[in-house]
Each structure stands twice: as C-alpha cells, then as structure tokens.
Amino acid sequence: MDLIHHLTWTYALAGLLVSFMVGFTGVGGGSLMTPLLVLVFHIHPAAAVGTDLFYAGATRIVGAAVHGVRRTVDWAIVTRLAAGSVPAAAITVAAMAHFHVRTAAGSHGVITTMLGVSLILTGLAILLRRIILAFMARRMGEVGQRTKTISTVVLGAALGVLVSISSVGAGAIGVTVLLLLYPALPASKLVGSDIAHAVPLTLLAGFGYWLMGSVDFALLASLLVGSIPGIIAGSLLSSRAPDSVLRPILASTLALVGGRLFF
C-alpha cells in the first residue's frame with residue numbers, strides 16, 4: 001500500500017472520529033480537527049485551517065438544513081451575526097494575504113498562537129458555561145433590544161476574526177455569548193442559529209485561504225468521507241453520555257491542546 005493511499009484512509013478515519021465527537025458533544029469540529037491536523041499529521045497550520053474551514057462549511061450546511069426544517073433557526077440573529085462576521089472575516093483574510101502570513105515563516109507563529117488561545121477560551125467556555133451564565137445573569141439583568149443587536153454584531157465580528165485565523169470559536173464561545181444575550185430563546189434555536197451563521201462565515205474564510213493556495217482539496221475529500229457516518233453515530237449516542245462527565249473531559253482536552261500550541 002503506498003503512502004498516499006494510506007494517508008487518505010488515515011484522514012478519512014480522522015474525519016470519522018472528529019465528526020463523531022461533534023455529534024457526541026456538540027462542540028465545533030474546528031476545536032478538534034485543526035489541532036489534530038497540525039499536531040498529529042504535521043499539516044502546515046495555514047493549510048490545516050484553510051482545509052478545515054471548508055470541511056466545517058460543508059458539514060454545517062447539512063446541520064443548518066436540518067435546523068431549518070425543524071424551524072430552530074432565528075434568522076434575525078443569523079443576520080446580526082453575519083453583519084459583523086462577514087466583513088471581519090474578509091478584512092482578516094485580506095490582511096493575512098497582504099502581510100504574507102501564508103508563508104511558512106509567517107503563518108506558523110501567528111496561526112498556532114491564535115489557535116492555542118482559541119482552544120483555551122473554548123475549553124473555558126465549555127467547562128465554566130453555567131458559572132459564567134449565572135454570574136452574568138445576576139449582573140446584566142434584562143438586556144434591551146438595542147444592546148442585544150449591537151452586542152450580537154460585535155460578537156459576529158469577534159468570531160469572524162477568530163475563525164478566520166484559527167477556524168475555532170464559532171461553536172462553544174458563540175453559543176455561550178448568545179445564551180447571555182437571548183436567555184428567553186430555547187437552546188436548540190440558539191444552536192441552530194449559530195450553525196446557520198457558521199456556514200457563510202467558514203465558507204468565506206475558506207475561500208480566502210483557497211485564494212492564498214492554503215486549501216488541500218484531496219485532504220478535504222478524505223475528511224468528508226468519514227464525516228457523515230461519524231456525525232450520525234455520535235448524534236445517536238450523545239443522549240447516553242452524562243454531561244457531567246463529558247464536559248470536564250472535553251474542556252480539559254481542549255485546554256491542554258491549546259496550551260501545547262500556545263507554548
């Protein structure tokens with residue numbers, strides 16, 4: 001068996017495992033896939049992020065379609081998030097291209113540092129979500145509509161920058177802030193809105209990496225081969241795992257990986 005064929009099925013297995021964890025835990029694939037590609041398969045950080053952005057976009061199209069059919073997407077929230085994220089993502093990718101961050105010397109430090117920070121923040125958001133929500137609820141009170149709108153646009157802009165550089169952050173961080181801003185909405189609707197918003201964000205950022213020559217479509221195809229059965233299996237088993245066990249394990253893993261990349 002030649003090396004290329006071997007690696008193709010290795011990547012497919014990676015897609016299977018990551019998609020299983022996404023379905024099992026609800027955490028965005030970028031939190032798992034990008035560090036896996038960088039640390040285990042030694043893919044260049046720019047290529048790992050660019051490829052993962054298209055991988056995330058493709059998988060989220062399916063998720064958004066399901067949530068759309070179930071009417072668990074608040075399109076007003078999606079629009080506000082996109083109003084901030086789309087221009088922020090475009091500016092971030094353009095700036096990276098302008099400063100030649102895609103080169104080996106430039107991108108490794110910038111992308112791995114941002115990836116490490118994003119993973120640590122994601123781990124904290126997962127582990128401390130209930131504490132954060134309770135703390136902020138006592139101090140924020142009822143948020144006015146104008147404040148909600150502005151804050152949602154700002155959140156979108158922050159996610160646009162974070163996701164464009166590291167492909168991480170749209171899941172746990174985005175949903176945590178949305179829970180603070182829209183406590184009256186069902187969690188399923190916030191999750192559905194976050195997934196729907198991630199589609200244009202990840203595809204736009206991925207297109208920017210493609211223009212920079214930092215997307216490996218052969219790798220992308222291999223990852224997608226395993227993604228569909230993986231996310232189906234993970235979703236079917238997710239209800240059987242206690243949240244009190246999953247949350248600390250996943251949060252600790254992301255924090256450790258983030259620390260490994262950051263330091």
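Trainee: Is T51 buried or exposed?

Mentor: This is a predicted model, in which local features need pLDDT of at least 70, side-chain atom pairs count only at pLDDT 80 or more, and totals for chains, interfaces and linings use all residues. Residues are numbered from 1 along each chain as its sequence is written, and side-chain values use heavy atoms, with hydrogens and water left out. Buried means under 20% relative accessible area, exposed over 50%, and partly exposed in between, with a 1.4 Å probe and protein chains only. Because its relative accessibility is 0%, T51 counts as buried.

Trainee: In which element is T51 placed, and which residues does T51 touch, not counting residues up to four places away in sequence?

Mentor: Helices are DSSP runs of H or I with at least four residues, strands are runs of E with at least two, and both are numbered from the N terminus. By that rule T51 has its place in helix 3. A contact means heavy atoms within 4.5 Å. With residues up to four places away in sequence left aside, T51 touches S214, V215, D216, L219, L220 and L223.

Trainee: How many helices and how many strands does the chain have?

Mentor: From the N terminus on, the elements run α-α-α-α-α-α-α-α-α-α-α. The secondary structure therefore comes to zero strands and eleven helices.

Trainee: At what angle do helix 3 and helix 9 pack?

Mentor: Helix 3 covers residues 45-69 and helix 9 covers residues 187-211, and their axes are 7 Å apart. Axes are lines fitted to C-alpha atoms, for helices over the stretch in contact, and angles run from 0 to 180 degrees between N-to-C directions. On that scale, helix 3 and helix 9 pack at an angle of about 145°.

Trainee: Which residues have the most contacts inside the largest nonpolar core?

Mentor: A nonpolar core is a set of buried Ala, Val, Leu, Ile, Met, Phe, Trp, Tyr and Cys residues joined through side-chain atoms within 4.5 Å. In soluble globular proteins, nonpolar side chains tend to be buried together. The largest core here has 30 residues, and those with the most contacts inside it are L37, I43, Y209 and L223.

Trainee: Which helix gives the most to this core?

Mentor: Several helices each supply at least two residues of this core, including helix 1 (3-25), helix 2 (30-39) and helix 10 (217-237). With seven residues, the helix that gives the most is helix 3.

Trainee: Why is the pair of F54 and F217 called tilted?

Mentor: Rings of Phe, Tyr and Trp (its six-membered ring) pair if their centres lie within 6.5 Å; planes under 30 degrees apart count as stacked, over 60 as edge-to-face and the rest as tilted. The structure holds three such aromatic pairs. The ring centres of F54 and F217 are 5.8 Å apart, and the pair is tilted because the angle between the planes is 50°.

Trainee: How many residues apart are F54 and F217?

Mentor: F54 is buried at 17% relative accessibility, whereas F217 is partly exposed at 42%. The pair links distant parts of the chain, with F54 in helix 3 and F217 in helix 10, and the two residues are apart by 163 residues.

Trainee: How far apart in space are A88 and A157, C-alpha to C-alpha?

Mentor: A88 is found in helix 4 (residues 75-98) and is buried, with a relative accessible area of 11%. A157 is one of the residues that A88 touches. In sequence A88 and A157 are 69 residues apart, while in space, C-alpha to C-alpha, their separation is 5.3 Å.

Trainee: What is the phi of R71?

Mentor: R71 lies in the loop between helix 3 and helix 4 and is exposed, with a relative accessible area of 71%. Most residues other than glycine have a negative phi. R71 is not a glycine, yet its phi is positive, at about 60°.
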